[in-house]
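Here is a friendly walk through a structure, from its overall make-up down to individual side-chain pairs. Please keep the viewer open as you read.

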Amino acid sequence: MTPVIELDNLRVKLGRREILKGISCRLGASGSGKAIGLLGPNGAGKSTLILTLLGFHKASAGSARILGLDCHRQSRDVKSRVGYMPENEALIADMSAVRLLRIMGELSGLPSRVALEKAHEVLFHVGLGEARYRPLGTYSLGMKQMAKLAQAIIHGPELVILDEPTNGLDPAARARMLKLVLEMKNDHGMNVVLCSHLLRDVEEVCDEVVILKDGAIVHHANLEEERRANRRFVELEVSGDDRNFAAALSEHGAEGVNEGAGKWRIVLPPEIEIDTLWRIVGRESLDVQRLTHRRDSLEEIFLKAVGHIHRTAGDSAAPPQEVATNGRL
Amino acid sequence: MAVYKRGYQRYQGPLTSPASRLLVLPRFAWERLMQQRLISILFIVALFWPTGCALFIYLSHHLDLLQGMGGAATAKIFDINAEFFFIFMNAQATFAIILAAFAGPSLIAPDLSNGALPLYFSRPMSRSTYVLSRMLVLVGVLSPVTWIPGGLLFLMQSGMAGWDWFSANWHIGAAIVAGFFFWILLVSLVAMASSAYVRWRMIAGALVLGIFFILAGASELANAVLRVEWASAFNPTRATLQLWRALLGLEPFPGPDEYECFAALVLMIGLLAAILNRKLRPVEVVS
C-alpha cells in the first residue's frame, strides 16, 4: 500500500536556518482511514513539515511525498487530493460561509452546482447549517474552527491535514470537533494528519504518532501497540524494609527501580501477572500503600521522547537523540 | 432529499478542467462588484463619453442634420481620425484608473488582511494562477469602458465611412485594442500591488489614484527642477499616451520617445510584479 506520507531525508531551510534536519519516515497507508498525530514542542518543525507537504516551502534536500506524489514536482495533483485546515485565522470576514465554501469547492474542481450543494451539505454536517448565510466575521471562535474544517473537506479529499483543530475550543466544541475527525476517518475513509500540542486530542483520535523535536523525529509509534506494551507498567508505593525487593523482583524476571521513600517503578514481563507482585510483596513483609497499573499515556511517551523525563527501567529503546541522528524510526 | 437531512458524503465525481477554474474567482468577484452601487454608478458614468463619441461619429456622417453650421468648418470639426480616437482613449483611460481604484483593492486586500491565502494555495492553484484570476476580474471590469467601446466606435466609423477608410486606418483599430490592453495590464498591476502592499482597501484605493496622479506631478516637477525631459517617462499616464500616439501614428509629444517610454513602463510592470511576488505568499517567512 502507498504510504500517506513518505519523507526521505527531508531538509528544509527557512532563510539561513535549517528547520527540518533530514527526516525520513513512512506514515499511514493510503485509503486506510487512519489518523496520524504530529506532535512536538513549540519550534519543533511541525508547521514547517505541514507547509512543506503542501508545497508552501521548498525542500533544500531530500523529498516529501503524499499519497505517492512528490509534494514539489506534483504539487497540483497533491493539492487536489488534500484538504487543509490552517491553524491561524483564514476566513474572509465579510463573506458568508456558503459563499466561501462554494468558491473553495469550485477551486478544488467541483462543478458549480455540486459545489453549491456540497457547501450546504458540509455546513450542516459541521453544525453550521443555521449560520451558513451569516458573514464569517460574526462567527465565534468555535464556529470559525468548524468553518475551516468544512472548507477543508468540501471536495472530499483523501487526506485532510488539520493544524491545531481544537485550538481555543470549549470542551463541548472540542468533543464535537474530535467526533467529526473520528467520523472522517472511520466513516468516510479519509486519512487524517492531526497536528496538535494537545496530547489528549492526539491520543483520542490518532492511530500513529510522530514526535518531532528540533527538526528531527524523536519518536514514531503505533499508539495501539504502545498502549498494549505499557499495560505491564506498575507504580508501587510500599512501607517497610524494601532493600531486598529489587532482588526478589528480578528472581521473577521483573525489573524494578527504587525512586526512594518506598516508591517503585516496575516493569512486569508479559507472563507475570499482577498476583505474582502481590505474592512478592507479602513474602518481603511489605505494606502496600498504593499500587497503580500505570497505563503509559501519550503524555509520558511524549515527555520521554523529547527528553523531559528520565527513561525508566525496562525501557530498552535507544535514546531519542540517537534515533534522531540515525534517522531510524 | 433536503440538504439538512442528508449526511456528508465525499465527492467522488468528475472534476472540472484547470482552465475553467481560472474563471471561478472572477465570476464571484464580478457578481460581488456589480452589487456595489458605487461601482455600478462609475460604470455607467464611464460610458457617457463613448456614447457621446458615438453620437459624434454619427453626426459626422450626417452633417445635413446640422444645416445651421458652416459647411467646410463643420466638416473639419467632425473629421474622425486618429486624433479623435486618441482623445477618446485618453478620457477612457482616466475612467479606467478610477474604476480600478475602487474595484481593484477589494480583490486582494481582503484575502491578505484575513490571512486567506493558505486556503487558496492549498488548492490546485498556483500564485501565478491566483494573480491571473484576479487580473481577469479587472480585465472584465475595465474592458467594457476601454477597448470594447473603442473597438465598437472604430467599427461604427468603418461601417459608415466605408472600406476605403477602413483599409487606410485599420491600424487605429489595432492600436485601440493593443493600447487599451497594455493600459489594463498596467492599471490592474498597480491596483493589485497597492492592495497587496497596504492591505487596507481605502488606503489601497487612494494609493492607486496617488500612483497615477502624484507620479504625474512628481515627474513634471523633476523635469522642471532638473531641467530635463526624461522624467516624463516615469509618469505612467504620459508614457502610455506617448506609446498610444506612436501606435495611432500621431506626432509624438515632446520628451522621451515611444521606445524610452515603453522601456520605463516595462520597468514599472516588472517592479509591480516583483511586489506581488513578494507579498502574495501563503506563509510569510521571517529570516
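## Chain B at a glance

Read from the N terminus, chain B runs α-α-α-α-α-α-α-α-α-α-α-α-α-α. That gives 14 helices and zero strands, where helices (H or I, at least four residues) and strands (E, at least two) are DSSP runs numbered from the N terminus. The C-alpha trace of chain B spans about 80 × 60 × 30 Å along its principal axes.

Of the 287 residues in chain B, 46% count as buried; here buried means under 20% relative accessible area, exposed means over 50%, and partly exposed lies in between, using a 1.4 Å probe and protein chains only. Contacts are heavy atoms within 4.5 Å. Among the contacts of chain B with a separation of 6 or more, 74% are between residues 24 or more positions apart.

## Confidence and conventions

This is a predicted model, in which local features need pLDDT of at least 70 and side-chain atom pairs count only at pLDDT 80 or more, while totals for chains, interfaces and linings use all residues. Residues are numbered from 1 along each chain as its sequence is written, chains are lettered from A and ligands numbered from 1 in the order in which they are written, and side-chain values use heavy atoms, with hydrogens and water left out.

The model scores ipTM 0.87 and pTM 0.82. Chain B averages a pLDDT of 90, and 95% of its residues score at least 70; pLDDT is the predictor's confidence in each residue, from 0 to 100. Where pLDDT is low, the predicted coordinates should not be read in detail.

## An open sheet in chain A

Now to chain A, where four strands form an open antiparallel sheet in the order β2-β1-β4-β5. Two strands pair if DSSP finds at least two bridges between them. At the edges stand β2 (17-27) and β5 (69-70) of chain A, each with a single partner strand, so one side of each has no neighbour in the sheet.

Within this sheet, β1 (residues 5-14) and β4 (residues 61-66) of chain A pair in the antiparallel sense over five bridges. Leu7(A) is found opposite Ala64(A) in β4(A). Helix α1 (residues 46-53) of chain A packs on the sheet and touches β1, β2 and β4 of chain A. The direction of this helix makes about 110° with that of β1(A); axes are lines fitted to C-alpha atoms, for helices over the stretch in contact, and angles run from 0 to 180 degrees between N-to-C directions.

How many salt bridges does a search of the whole structure find? Over all chains there are 21, each being a side-chain nitrogen of Lys or Arg within 4 Å of a carboxyl oxygen of Asp or Glu. One of them joins Asp70(A) to Arg73(A), at 3.5 Å from N to O.

Arg113(A) and Glu117(A) form another salt bridge, with their closest N and O atoms 3.4 Å apart. These two residues are about one helical turn from each other because they sit four residues apart in helix α4 (residues 112-125) of chain A. Arg113(A) is exposed, with a relative accessible area of 66%, and Glu117(A) is partly exposed at 34%.

A network of salt bridges links Arg174(A), Arg200(A), Asp201(A) and Glu204(A). Of these, Arg200(A) lies in helix α7 (residues 199-205) of chain A and is exposed, with a relative accessible area of 57%. The C-alpha atoms of Arg200(A) and Leu298(A) are separated by 7.6 Å, although the two residues are 98 apart along the chain.

## A salt bridge between the chains

Arg201(B) and Asp94(A) meet through their side chains in a salt bridge of 2.9 Å, N to O. This pair crosses between chains, from helix α12 (residues 201-226) of chain B to the loop between β6 (82-85) and α3 (97-107) of chain A. Arg201(B) is partly exposed at 36% relative accessibility, and Asp94(A) is partly exposed with a relative accessible area of 36%.

## Cysteines

A disulfide is a covalent bond between the sulfur atoms of two cysteines. The search over all chains finds zero disulfides, counted as pairs of cysteine sulfur atoms within 2.5 Å. Cys25(A) is buried, at 4% relative accessibility, and Cys53(B) is buried at 3%.
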